[in-house]
Amino acid sequence: MSFLSVSDLHIDLGEFYLNGVSFNLDKGDYLTIIGPTGAGKTILLESLIGFWTPDQGNIYLENRDITMELPEKRNIGIVYQDYALLSHFTVYKNIEYGLKKKNPKGMKEKIHDIASALYIEHLLHRKPATLSGGEQQRVALARALVVEPKMLLMDEPFSALDPQTRRDTRALLKKAVAQRNTTVMHVTHDLCDAWTLANKVAVIRDGHLMQIGSIEEVFKRPQTPFVAGFVGATLMEGTVIDRDKGLSVINVNGFIVKTLDPADIGTKVKLAVRPEDIIVGTQPSPNTSAQNNIEAILAHIMYEGKTSLLSLSAGKTSFDVLVTNHSLERLGLATGDTVYAMIKSSNVRIVNSRVN
Amino acid sequence: MQSLKDKHRAGKTNAFKVSLIFVSFIITAVLVLAIGALFMVPDIKDVWESLKSEEMIFSLKLSMWTGLLSTALVMVFALPIGYTLSRFQFIGKGFVKTIIDLPVAFPELVLGLCLLLLFGNTFVGNIFKSLGFQFVFTTQGIVAAQFFTALPYACRIMKSTFDYIDPRMEFVSRSLGYSMFETFMNVSLPLARNGILASTVIAFARCIGTFGTVLILAGGTYMKTEVLPITLYLNISYGNMGMALTSGIVLMVVSFAAIYIFERTEVSL
């Protein structure tokens, strides 16, 4: 059985709720949980840690049913967005707090080890209120990791940090959990957290687990339009009309798309494409059959700093393309232009051939 | 046109603001004058003589020890009640909260009357009597009267104090292996330090100043159940202004100290 197994979890706190959430994690997995505000992400963490008793369903950790176990017996750590450091303790005492209870042997060395790993050794004597956000979050991380919890839960740990600090803290966190092989569940709004830290992603909406899987699966093969929209991919529907040299040929509302994924002729399929996997040009590429060339109208340009997101429409289908501002300038594109979207057939993925 | 209009509008806002500030100042001024009168009217020698009188010393001592004892008892109950009302959901919570808060809006005399009826010759009164507690017309009654008068204030302050402490601090403590009780002692109580201080001084000021409840339950007997407010009341009825004013001044000083400390703790009532 899996390291963590959650089955059919139901909980209703009025404003927030979970409805039949089931999933498994293996030891050492790093799962990021994404979803709109109020979807139930925090409650999921707080149910796992034992602050809420579910109405229905079970939680198994290392094959033991912990659904009704007290939080203090579960050995699961938590890190919050606002750090929740004990303001009447120094940094040292904050980190020491859990160790003192769980494993007082060799406390000093352990505290200094974790403090040096997270670059907070020079802050040990200070009170939390005198630290910056990034420093406080590193202290909170140290406090949670030093007791070597079976699992670490994090609720938007980086959302109060500036981008630079966020990147640095992410790198430290990645190293720290990799060294300890800690199993992590990390709620976030920032897809970068998923890309850089996680090996698994879960998408939650209205208390339902919409999809869970590897980064590859969720980001590149989103099962529903909602998940696709949330992870920034485009979902199209079409019918398989041919099989040709290992490629499936699919008719999507009038244009043809070829993919490496196998499918039976005549079936309806959903296709997913990521905006960064599409190249835009003013001429179709002369290149082989492995390349798709889709003629489309440039409907909208959205500037996003270093890059731009182009909305293309081909017939009734529209999809997004991510380009650098440099190439946008070089191509001299404007809204209304006819362009060609070039997609490798390996980058078009059949999500689900069981479309009804 | 536009700029004239703006000027006019700004003027109106100002008049509104100024008049509100004016109202606040008028009331403050009347209160300052009233409080000042308490200190200006009597001559110092008179106050000094009154302070040294046997009656005043008795009253001061009685007020102090009953006040301190009641405050301690109030806090022993206000801490768990405040925490309960802030953190836990249970059946009948609304009822508990309303009843505990009731004495805030209750006239002290009515509260005293209720307690007198309860502790008089009734089943409950007899139970207490068999345990050695006799509340009617005794100094124990003073403590009981002060306790019930001050308790709701202390509970309210403690509840709002715990409301302001992020429950996630407690969650973290429990996730690190501490039980609910240990978390309460290690995290909630230390973080509630200011609220506890505020609650204690307000409770003490209420205890020292309780009049109606004490008068009805413990009686206002000269040199027996005579606390400071009773001294004030008895002496004013005899026309003994020196004694009355002196107890008034002592009570006022206690209240000032309490409010001063309370304001410094920045806790909301």
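This is a predicted model: local features need pLDDT of at least 70, side-chain atom pairs count only at pLDDT 80 or more; totals for chains, interfaces and linings use all residues.
Guide: Local features need pLDDT of at least 70 and side-chain atom pairs pLDDT 80 or more, whereas totals for chains, interfaces and linings use all residues. Residues are numbered from 1 along each chain as written, chains are lettered from A, and side-chain values use heavy atoms, without hydrogens and water.

Visitor: What makes domain 1 and domain 2 of chain A separate domains?

Guide: Chain A is divided into domain 1 (4-220) and domain 2 (235-352), bounds that come from an automatic or database domain assignment; their C-alpha centres lie 38 Å apart.

Visitor: How do you know that domain 1 and domain 2 of chain A are in contact?

Guide: Contact means heavy atoms within 4.5 Å, and four residues of domain 1 of chain A meet that rule with four residues of domain 2.

Visitor: What is the area buried between domain 1 and domain 2 of chain A?

Guide: Buried area is the accessible area (1.4 Å probe) that two parts lose on being put together, summed over both, and here the value is about 370 Å², with carbon and sulfur atoms giving 48%. On the side of domain 1, Trp195(A), Phe219(A) and Lys220(A) lose the most area, together 91% of what that side buries.

Visitor: Why is the pair Arg349(A) and Glu216(A) called a salt bridge?

Guide: The term requires a side-chain nitrogen of Lys or Arg within 4 Å of a carboxyl oxygen of Asp or Glu; the closest N and O atoms of Arg349(A) and Glu216(A) are 4.0 Å apart, so the pair is counted as a salt bridge.
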